[in-house]
Structures are given as C-alpha cells and as structure tokens.
Amino acid sequence: MIEEMKTWLMAFVSDGLGKLLSALLVLVCGILVIRIVMAVLRKFLEKSKLELAAHTLIKSLVRVVLFLLLGLMVADSLGIDVTGVIALASVLTLSVSLALQNALANVFGGCTLLYTAPFHSGDFVDIGAESGTVVEIGMTYTKLQTPDNKMISIPNSTVVAGDIVNYSITGTRRVDIPVTAVYTESTQKVLDALIQAATHDKVMLDPAPAAVIDGFDDSSIRYVLRVWTKTADYWDVRNAILMNVKSIFDAQGIKMVYPHIHVYNEK
C-alpha cells in the first residue's frame with residue numbers, strides 16, 4: 001500500500017513538474033514570439049501609408065490579442081480545460097463589458113476613427129469645443145496639442161459622436177478679416193484699401209484676394225477681406241494682414257467704427 005502511494009505521489013509530482021516546465025517553456029517562447037511579431041509589425045507600420053496617429057491603436061490591439069492567445073496556450077499546457085476557460089471568460093467578458101461600457105465604446109470609437117480617417121497625424125482640427133494638432137489616436141483617447149502647448153485627451157467615443165472640423169486636409173485655408181467703416185467713407189476707397197492690405201508674400205494669388213461689403217449696421221458698414229494661404233501659414237498671414245489694415249486705414253484717414261459713448265454736460 002505504501003509503495004503504491006509512493007509510486008502515485010512520484011508520478012503526480014513528475015507529471016505536475018512536467019506540466020509546469022512545459023507551461024514555462026510555452027510562456028517564455030510565447031513572449032519571445034510576441035516581441036518578434038511586435039517588432040515586425042512596428043517596422044511594417046513605419047513603412048506603410050497608415051497615419052502615425054493610428055500606429056498606437058493598431059499595436060495595442062494586436063498586443064492584447066496575442067497575450068490572450070498566449071494565456072490560453074499556457075492554460076492548456078498546465079492541463080486546464082481550455083473549453084471551460086473560454087466559457088468562463090465569456091461570462092466574465094459579458095460582466096466586464098457591462099461594467100466598462102464607456103471604455104469599450106472608446107475602443108470601438110478608436111477603430112471607427114482608424115477606418116474612416118477623418119483626420120491624420122499633424123492635422124489641425126476642431127473636435128467639439130477643443131482645437132489642436134492631432135498627436136495620437138490611442139485605444140481609448142485621441143490626443144490634441146493646442147497652440148499654447150497643452151495636451152488634451154478626448155475620449156474616442158466623444159470624437160466619433162461630435163463634429164470634426166479638419167483645417168489641414170485640403171492644404172489651404174481662407175483668411176477672413178472683418179472690418180467696419182463709417183457711412184460717410186467712400187466704399188470703393190475702403191475696398192481698395194483692403195485689397196492693398198492683402199499684399200503679402202504668403203498670400204495666394206489664385207484664388208485672388210477679394211474685398212466685399214458684408215452688411216449694414218446702425219452706424220457702420222461691414223466689410224470682409226478674404227485671402228487664401230497655405231494652412232501652415234494661416235496665423236502668420238492673418239496677423240500680418242490685420243497690421244496692414246490698421247496701418248493703411250490710418251494713413252488714408254479711413255475711420256473704423258467702435259462702441260463709444262457721448263457724454264454731454266449741460267450747465
């Protein structure tokens with residue numbers, strides 16, 4: 001009886017150590033394979049035409065899938081019934097998905113952004129109330145860098161559900177400069193002055209700069225100067241033209257209208 005127990009115990013220990021060593025071997029080999037696959041994927045993405053902002057999302061999704069598969073292989077090496085594990089995982093996944101609806105919505109939002117590509121890395125965009133340059137599309141968040149160097153992380157579900165304005169996709173932008181002038185001023189003189197103010201080496205000649213009357217207020221006429229420039233030059237051109245308008249209006253005696261109050265002192 002004792003000999004039988006010893007034999008059984010030795011067989012049990014031997015079998016257990018064998019499974020443990022086998023599982024460790026599978027784990028080590030699996031991690032090495034995952035590193036190789038991720039390195040190959042990284043090089044493939046760098047050579048592909050996919051946008052940089054999508055690289056992080058793709059690598060994150062592939063890494064999660066590979067580690068899930070490795071976990072199942074390790075469990076199988078330990079003699080664990082993988083079918084039961086998968087069934088249990090399905091129940092746990094359902095429970096977790098109900099608890100993490102927002103996070104999953106962000107992941108699906110990231111996949112939607114990757115497929116539809118409404119913007120690319122380096123594009124300047126408006127997403128809802130936020131504006132900035134696209135830096136990264138992660139599994140759950142899209143990151144924007146604002147002109148004043150703040151980093152804003154917006155949930156992907158919010159990005160997909162909201163309005164997206166992409167200022168960079170066409171490569172050019174129109175600069176609108178609204179101004180006002182008194183009714184007594186010659187409209188043609190104001191329009192000519194605005195066209196003169198549009199002289200700048202970064203302003204496109206096709207389409208040509210245009211100045212038009214935009215409307216009539218109680219005490220002024222509204223004008224708009226419209227010029228086209230490359231997206232990267234937008235702010236430089238806008239600032240330069242604003243300075244030109246002020247300088248030319250002052251030189252030609254054109255009076256802009258601004259809110260003011262007349263105070264009369266009766267004696």
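Some ground rules before the structure. Residues are numbered from 1 along each chain as its sequence is written. Because the model is predicted, local features need pLDDT of at least 70 and side-chain atom pairs count only at pLDDT 80 or more, while totals for chains, interfaces and linings use all residues; side-chain values use heavy atoms, with hydrogens and water left out.

I start with the overall picture. The protein has seven helices and eight strands. Both are DSSP runs numbered from the N terminus, helices being H or I with at least four residues and strands being E with at least two. Of the 267 residues, 28% are buried. Buried means under 20% relative accessible area, exposed means over 50%, and partly exposed is in between, with a 1.4 Å probe and protein chains only. The exposed surface comes to about 17600 Å², and carbon and sulfur atoms supply 64% of it. Those areas come from the Shrake-Rupley method with a 1.4 Å probe, and for residues only the protein chains shown count as cover. A contact is heavy atoms within 4.5 Å. Among contacts with a separation of 6 or more, 62% are between residues 24 or more positions apart.

Now helix H6, residues 187-197. Which residues of H6 are buried? They are Val190, Leu191, Ala193, Leu194 and Ala197. Viewed down the axis of H6, these buried residues fall within an arc of 160°, so they line one face of the helix. The arc is taken from the directions from the helix axis to the C-beta atoms. As background, an α-helix has 3.6 residues a turn, so residues three or four places apart point the same way. The cover over the buried residues of H6 includes strand E6 (172-181), strand E7 (210-216), strand E8 (221-230) and helix H7 (234-252).

That leads to the cores. A nonpolar core is a set of buried Ala, Val, Leu, Ile, Met, Phe, Trp, Tyr and Cys residues joined through side-chain atoms within 4.5 Å. The largest one has 23 residues, and those with the most contacts inside it are Leu194, Tyr223, Leu225, Val227, Ile241, Val245 and Phe249. E6, H6, E8 and H7 are the elements that give two or more residues to this core. H7 gives the most, with six residues. Apart from this core lies another, of ten residues, among them Leu113, Phe119, Ile152 and Val159.

Back to Tyr223 for a moment. Beyond its neighbours within four places in sequence, Tyr223 is in contact with residues including Ile177, Val179, Val190, Leu191, Leu194 and Val212.

Is asparagine 156 buried or exposed? Asparagine 156 counts as buried, because its relative accessibility is 0%. Asparagine 156 sits in helix H5, residues 156-161. Its contacts outside four places in sequence include Asn106, Gly109, Gly110, Leu113, Ile137 and Tyr141.

Aspartate 206 and proline 207 are joined by a cis peptide bond, with omega about 0°. Proline 207 is in the loop between H6 and E7. Alanine 117, not a glycine, has a positive phi of about 50°. Alanine 117 lies in the loop between helix H4 (101-116) and strand E1 (124-127), and at 32% relative accessibility alanine 117 is partly exposed. Asparagine 149 also is not a glycine and has a positive phi, of about 70°. Asparagine 149 is in the loop between strand E3 (141-145) and strand E4 (151-155), and is exposed at 58% relative accessibility.

Last, the rings. The structure holds three aromatic pairs. Rings of Phe, Tyr and Trp (its six-membered ring) pair if their centres lie within 6.5 Å; planes under 30 degrees apart are stacked, over 60 edge-to-face, and the rest tilted. Why is the pair of phenylalanine 124 and tyrosine 167 tilted? The planes are at 45°, with centres 5.9 Å apart, so the pair is tilted. Phenylalanine 124 is in strand E1 and tyrosine 167 in the loop between strand E5 (164-166) and E6, 43 residues apart. Phenylalanine 124 is buried at 17%, and tyrosine 167 is partly exposed at 22%. Tyrosine 183 and phenylalanine 216 form a stacked pair, 6.4 Å centre to centre with 20° between the planes.
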